[in-house]
Amino acid sequence: MLAADRDYLREAILARLSTVIDPETEVDVVRMRLIEDLTIDDDGVVSYRFHPSSPLCPLAVPLALSIRQAVAEIAGVTGQSVEVVGYVRADELNAILRETSSDGDV
């Protein structure tokens, strides 16, 4: 994948993520800076970290799943590597995200 293609894909992902709203704050996850270290490799695999708004965020699981789904819907994304950080149940949520990924979800 060319650098220009990666840049275009990155912008498409960020635009789509700006429609994912945190129900508690009614602000999108991009403006809240809940997505960190977004990168795209030559094969179209997107890697990023999701940092919930608080360590005890009651909406971290549905929000993480919504983020994952939003990224999966972008043409050109062939896979995702998500790491949840700064959350007390990060290990459990990372396991859920890996499981949904292996179920055929991107």
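Is Arg-6 buried, partly exposed or exposed? In this predicted model, Arg-6 comes out as partly exposed, because its relative accessible area is 23% and the buried class stops under 20%. Its side chain pairs up with that of Asp-42 in a salt bridge, with N and O 2.5 Å apart. The two partners come from distant parts of the chain: Arg-6 sits in helix H1, Asp-42 sits in the loop between E3 and E4, and 36 residues separate them. Asp-42 is partly exposed too, at 48% relative accessible area.

Another one joins Arg-49 to Asp-37, where the closest N and O atoms are 3.2 Å apart. Here again distant parts of the chain are linked, with Arg-49 in strand E4 and Asp-37 in strand E3, 12 residues apart. Arg-49 is partly exposed at 29%, whereas Asp-37 counts as exposed, since its relative accessible area is 53% and the exposed class begins over 50%. Glu-92 and Arg-89 also meet through their side chains, at 2.7 Å from N to O. Glu-92 has a relative accessible area of 44% and is partly exposed; Arg-89, at 44%, is partly exposed as well. Shared partners also tie Glu-36, Asp-37 and Arg-49 into one salt-bridge network.

Now for the inside. The largest nonpolar core has 27 residues, and those with the most contacts within it are Ile-13, Leu-17, Val-29, Val-46, Tyr-48, Phe-50 and Ile-67. Helices H1 (3-17), H2 and H3 (90-102) each give two or more residues to this core, as do strands E3 (35-40), E4 and E5 (79-84). The biggest contribution is that of H2, with six residues.

Strand E4 (45-50) and helix H2 (60-72) each supply at least two of the lining residues, and H2 has the largest share, three residues. By type, the lining splits into six nonpolar residues, no polar ones and one charged.

Key. Residues numbered from 1 in each chain as written. Predicted model: local features only at pLDDT ≥ 70, side-chain atom pairs only at ≥ 80, totals over all residues. Heavy atoms only, no water. Helix = DSSP H or I, 4+ residues; strand = E, 2+ residues; numbered from the N terminus. Nonpolar A, V, L, I, M, F, W, Y, C, P; charged D, E, K, R; others polar. Core = buried A, V, L, I, M, F, W, Y, C linked by side-chain atoms within 4.5 Å. Buried < 20%, exposed > 50% of the residue type's maximum accessible area, 1.4 Å probe, protein only. Salt bridge = Lys/Arg side-chain N within 4 Å of Asp/Glu carboxyl O.
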